[in-house]
Each structure stands twice: as structure tokens, then as C-alpha cells.
Amino acid sequence: VRSEIFEEFLSHAEHYIRRKKPHPAGVIAGVVFEDTIRRACERHKIHQKGVDLDKLITYLNQEGHLSDVKAKNARGSAGLRTSATHAQWDEFDAADVQATIKLTRDLITDLLSN
């Protein structure tokens with residue numbers, strides 16, 4: 001059920017991209033990305049409450065749940081999330097949002113699916 005909800009949100013983000021509205025797409029994609037990372041930490045018994053996103057990415061990487069390349073990409077998506085939720089619109093574009101959507105889908109499959 002959770003992945004269906006994630007997919008629905010990501011589909012909404014893609015809809016905004018198609019309508020040339022990367023800002024709301026970035027907000028949605030960034031929030032789903034962060035939720036995915038936090039749920040992955042919960043699943044892998046990594047304390048996540050009150051821990052910043054960059055540290056959670058590091059922990060997932062150190063424990064072998066994220067490759068070095070995916071961890072690097074995840075940090076980029078974390079940056080997009082921060083920029084979008086703080087209305088720093090000039091710090092990201094549609095391509096950044098699309099990369100976050102793709103990475104989030106990969107993470108859902110890799111870290112949250114059985």
C-alpha cells in the first residue's frame with residue numbers, strides 16, 4: 001500500500017514536470033524522497049528520528065544498503081528537497097526533479113520492497 005501511495009505522489013510530480021512546473025514537482029518529489037530514506041532506515045533498524053537526511057544517507061551507505069554512487073545521488077536529491085521546501089527555486093530545475101523521481105523509485109524497489 002505504501003509504495004502505491006509513493007507512486008501516486010511521484011506521478012503527481014511528473015504531471016507537474018510535464019506542465020512545466022518544476023517547483024511544486026520538486027516539493028512533492030523531495031518529500032517522497034525523504035520519507036523513503038527515513039522508512040528505509042526504520043526498516044534496517046537505523047535510528048532516524050531527529051537525524052538529518054545527510055547522516056541517514058551516510059548510515060545507509062556505511063551499512064551497505066546504498067552504493068557509493070547511489071549515496072552521492074541521494075545527497076543531490078536531499079539538496080533538492082531542502083531547496084524546494086525552502087522556496088529556493090533558482091537552485092534546481094526540472095532535470096533535477098526528474099533525477100530525484102527516478103532515484104526515489106529505485107530506492108523504493110531496492111530498500112522497501114521485499
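## Lining of the largest pocket

Helix H4 (68-85) and helix H5 (94-112) each contribute at least two residues to the lining of the largest pocket. Helices here are DSSP runs of H or I of at least four residues, numbered from the N terminus. A pocket is an open set of points on a 1 Å grid over the protein atoms alone, where a 1.4 Å probe fits, with protein on both sides within 12 Å along at least five of seven lines; lining residues have an atom within 4 Å of a point.

The model is predicted: local features need pLDDT of at least 70 and side-chain atom pairs pLDDT 80 or more, while totals for chains, interfaces and linings use all residues. Residues are numbered from 1 along each chain, and side-chain values use heavy atoms, without hydrogens and water.

Among the lining residues are Lys-70, Asn-73, Leu-80, Asp-96 and Asp-106. The lining comprises three nonpolar, four polar and five charged residues.

Arg-38, in helix H2, is buried, with a relative accessible area of 19%; buried means under 20% with a 1.4 Å probe, protein chains only. The side chain of Arg-38 has a polar atom 2.8 Å from the backbone oxygen of Gln-48, and reaches the backbone oxygen of Val-51 at 2.8 Å.

Key: Nonpolar A, V, L, I, M, F, W, Y, C, P; charged D, E, K, R; others polar. Buried < 20%, exposed > 50% of the residue type's maximum accessible area, 1.4 Å probe, protein only. Polar contact = N/O pair within 3.5 Å; in protein donor to acceptor, adjacent residues only side chain to side chain.
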